[in-house]
Amino acid sequence: MSAASTGRVWKFGDNIDTDVLAPGLYMKGPLTELAKHCLEAVEPRFAKEVKPSDIVVGGRNFGMGSSREQAVMVLRELGVGAVVAPSFAGIFYRNALNLGLLALVCSEAGQIRADAVLSVDAANAELCDLDTGKRYACEPLPAHLLQMIADGGLLPNLQKKLKVQRSKEAQA
Amino acid sequence: MAQKPPMTLAEKLVARAAGLEVVRPGEVVTAKVDLAMMHDSGGPRRVAPMLERLQARLWDPDKVVVISDHYVPAVDAESAGILDLTRKWVKAAGVTKFHDMQGICHVVLPERGHLRPGLFVVGGDSHSPTGGAFGTYMFGVGATEMCGVLVTGEIWLRVPETILLHWAGKLGPGVAAKDMILAMCARLGMDGGRYQAIQYAGDTLAGLAMQERMTLSNMAAELGAQTGLIAPDAVTRDYLLSVGVPAGEIDIATWQSDADAKVTERHDFDAAALSPMVAAPHSPANSAAVAEHKGVSVDQAYIGACTGAKINDLRMAASVLKGRKVASGTRLLIAPASARTTAEAAADGTLATLTEAGAILLSSGCGACAGYGAGVLAENETCIASTARNFKGRMGAGSSKVYLGSPYTVAAAAVAGHIVDPREMLS
Ligand code: SF4
C-alpha cells in the first residue's frame, strides 16, 4: 500500500452487507462475473464506473453478514484502494486485512463528501480531502497488521515466514 | 504470586487457548486452535489452492472437520464439482472428520460430538458463534484466515469485552428462542455486539433445550458479536453425553464466569412479557411484535437453516400444523437441519404431521437460506422464514422480500396464507 494513494469516494450507508457486496446468486460463478454485481442492489453504477484506487466510504457496521471473502475479493477485483467506515463487521474487517485490502476505521467518515477525492496515508492512519484540505484521523493499525497489508495479505506474509522456517530447518 | 483477578467465561476461554494465566480485554493475543471447521463453500475449494501455493500441509488433520452442506445435493455441474472437489481434498489431506450431506455444519458439529466446554474453535462460516452454546469459544473466519490456521494451528485475536444479555422469567406458549434473539436484535441493532463476546444468561436460559440455546448463540452473528457464549450446565452435559462425548471430557465447573467478573455492558430482558416477533425486510434488527405485521400475505413459508430447522423447531411447527392445512396459494417448504433431525422427526411422528399438512420436504442443507439451493424466490415474492437473515436478495431475486419468525410463526403464516400470531393456533 503506497503512502500517497489517492482516489474518488463512493459513499454508502450503514449496514452494507455481504449479500449486497457479493450476491449469493452469483457465488458459484467466476469472480469477474460476481464483481459485476457488487453493490448493485444499492448503487447499480458502482461496478460499472469504479476506477482503480477509488475509495469506498461506508456507514456503520460495513460488511456485516456472512464470512465470505468474496465480499472483499470483488472490491479488490474492481481495484478499490481502501475501505473507510466508522465501524466494520468483525469478520469482514479481518478478511479485508488478510486479503491486503486497507480497511480504516474513521469515526468522522460520515462527514466525507460524496464526490470527494481523498489521499490515503495508511502508516499515519490519515485521510485528506484534496479539494478542501480537510484531514480525517483514522484508528491506527498495529504494526504486524500494517506489515501484513504491505506484504499483500496473510498468504504472502505466511509465505515469507515459512521460507525463514524452512531454511532454518534445512540448516538444522 | 498475586491472586488471579476475576474473569468472564470469554476471558477464561481465550486465556487457556493463549496459554496465559490472565488476559484483559483489548490485549492482542495468539491462541492455539483446538478445532477448525470448514464447509464446502468456503472450505477446500478456497483453501486448497492457497495451501498449494504455500506448499504447506495441515498442522493437524485430526483437528480439522469438514462438512458439506451449502451445495448439497448438487443441482448443477458447478455444485457437483464443488462437492467432488471437497471429497477428494479431504481424502488427500487425511481429514477423517468429514460429514458429507449430513446436514448443516453448525448443527452437525455438536451432533457428532466435536464440541465441549473449554475448547477454542474457528469455523469458516459467520454463524460459527453457534458453538458458544456449548461453552466453546467459537467464531467465524474467512478462507484466507482459515488457511493461516490450517498451516499454523494459531490465530490472533483481541481479547473481547463481555456484553451480558440477561433474560429473566419463563417464555409463554408459542414463544421461542428465535423471538428472544429477534427482540435482542431490535434492541441492540446489528452492530450492538461490537465484535465483542456476548454472554447470554439468566434463569430463562436454564429452561431452554440445547437446540434453542444454539439459536441464540448462532444469531450472536446478527448482533455483530465475535461469539455468543452460554455457560455450560446440566442441560449441556446431558446433550453432550447423548451424542457420545465421554463424561470425563465434560467440565462444567471450570467454564463459568467468576461471580465478580467485569462485564462492560448489561442488558436485561423479560421473557414472560415477550410476544412472538417478526423481522421485516431487510434486516433482523427490523423486528417487532407479530401484531405489527399481521395480514402481510406470503407466497412461501420456509422452515430451514441452522437456526430454524432443528428437531425442536420442527416440533414447534408441527404443534401449529397438527390437523391443519397449508393455505392454497402459499407453499410451505421444510428443510430439516440435519439427517439426524430427519430421523428423529420421522421416529416421533413430527414428519408425518408436517407432510399431512401439505409441507414439501427438502433435503438437509443450507438450501434456500442463502440462495444456494432449492426454494429460492422469484421477483417480488414474499416469504416468511425461520432462517437467520433477511438481507436484500439473499433468498433469491433482488426484489423478493423475506420476513423472519420462529417456526411457530412461520407455520402459522403457512396455514393462514398471511402473517398471524401463532398463539391463535395453539390450543
Ligand atoms: S443454513 Fe443459512 S445461515 Fe446456516 S450455515 Fe447455511 S447458509 Fe449459513
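Reader: What makes the pair Arg45(A) and Glu43(A) a salt bridge?

Author: In this predicted model, the closest N and O atoms of Arg45(A) and Glu43(A) are 3.7 Å apart; a salt bridge requires a side-chain nitrogen of Lys or Arg within 4 Å of a carboxyl oxygen of Asp or Glu, so the pair is called a salt bridge.

Reader: Why is Arg45(A) called partly exposed?

Author: Its relative accessible area is 39%, and since buried means under 20% and exposed over 50%, with partly exposed in between, Arg45(A) is therefore placed in the middle class.

Reader: What makes Glu265(B) and Arg194(B) a salt bridge, and which parts of chain B does the pair tie together?

Author: The closest N and O atoms of Glu265(B) and Arg194(B) are 2.8 Å apart, which is within the 4 Å that the definition asks for. Glu265(B) lies in strand S11 (residues 265-270) of chain B, while Arg194(B) belongs to the loop between helix H6 (177-188) and strand S9 (197-201), so the pair ties together parts that are 71 residues apart in sequence.

Reader: What is the class of each partner in the salt bridge of Glu381(B) with Arg331(B)?

Author: The closest N and O atoms of that salt bridge are 2.8 Å apart. Glu381(B), at 16% relative accessibility, counts as buried, because the limit for buried is under 20%, whereas Arg331(B), at 26%, counts as partly exposed.

Reader: Where in chain B do Glu381(B) and Arg331(B) lie?

Author: Glu381(B) is in the loop between strand S16 (360-361) and strand S17 (382-385) of chain B, and Arg331(B) is in strand S15 (residues 331-334), so the pair ties together parts that are 50 residues apart in sequence.

Reader: How many salt bridges does a search of the whole structure find, and which residues are linked in a network?

Author: The search finds 33 salt bridges over all chains, and a network of salt bridges links Asp19(A), Arg68(A) and Arg394(B).

Reader: How do you know that Asp69(B) has no salt bridge?

Author: The nearest side chain of opposite charge, Arg45(B), is 10 Å away, and because a salt bridge needs the atoms within 4 Å, Asp69(B) is buried yet has no such partner. Asp69(B) sits in the loop between strand S3 (64-68) and helix H3 (77-93) of chain B.

Reader: What makes the pair Asp69(B) and His70(B) a polar contact?

Author: Their side chains come to 2.6 Å, within the 3.5 Å cut-off, and residues adjacent in sequence count only if both atoms are side-chain atoms; the contact runs from side chain to side chain, so the pair qualifies. Leaving aside neighbours within four places in sequence, Asp69(B) is also in contact with several residues, including His39(B), Asp40(B) and Cys366(B).

Reader: Why is Thr236(B) called buried, and where is Thr236(B) placed?

Author: Thr236(B) has a relative accessible area of 0%, and because buried means under 20%, Thr236(B) is called buried; its place is in helix H9 (residues 234-242) of chain B. The side chain of Thr236(B) makes a polar contact with the side chain of Arg213(B) at 3.5 Å.

Reader: What makes S2(B) mostly covered?

Author: In S2(B), 5 of its 5 residues are buried.

Author: Strand S2 (residues 35-39) of chain B and S3(B) pair in the parallel sense over 4 bridges, and because at least two bridges are needed, they count as paired. Met37(B) stands opposite Val65(B) in S3(B), and towards S5(B) Met37(B) stands opposite Gly123(B).

Reader: Why do strands S4 and S6 of chain B stand at the edges of the sheet?

Author: The open sheet of 5 strands has the order S4-S3-S2-S5-S6, with parallel pairing. Strand S4 (97-100) and strand S6 (137-140) each have a single partner strand, so one side of each is left without a neighbour in the sheet.

Methods
Residues numbered from 1 in each chain as written. Chains lettered and ligands numbered in written order. Predicted model: local features only at pLDDT ≥ 70, side-chain atom pairs only at ≥ 80, totals over all residues. Heavy atoms only, no water. Helix = DSSP H or I, 4+ residues; strand = E, 2+ residues; numbered from the N terminus. Buried < 20%, exposed > 50% of the residue type's maximum accessible area, 1.4 Å probe, protein only. Lys, Arg positive; Asp, Glu negative; His and termini not counted. Polar contact = N/O pair within 3.5 Å; in protein donor to acceptor, adjacent residues only side chain to side chain. Contact = heavy atoms within 4.5 Å.
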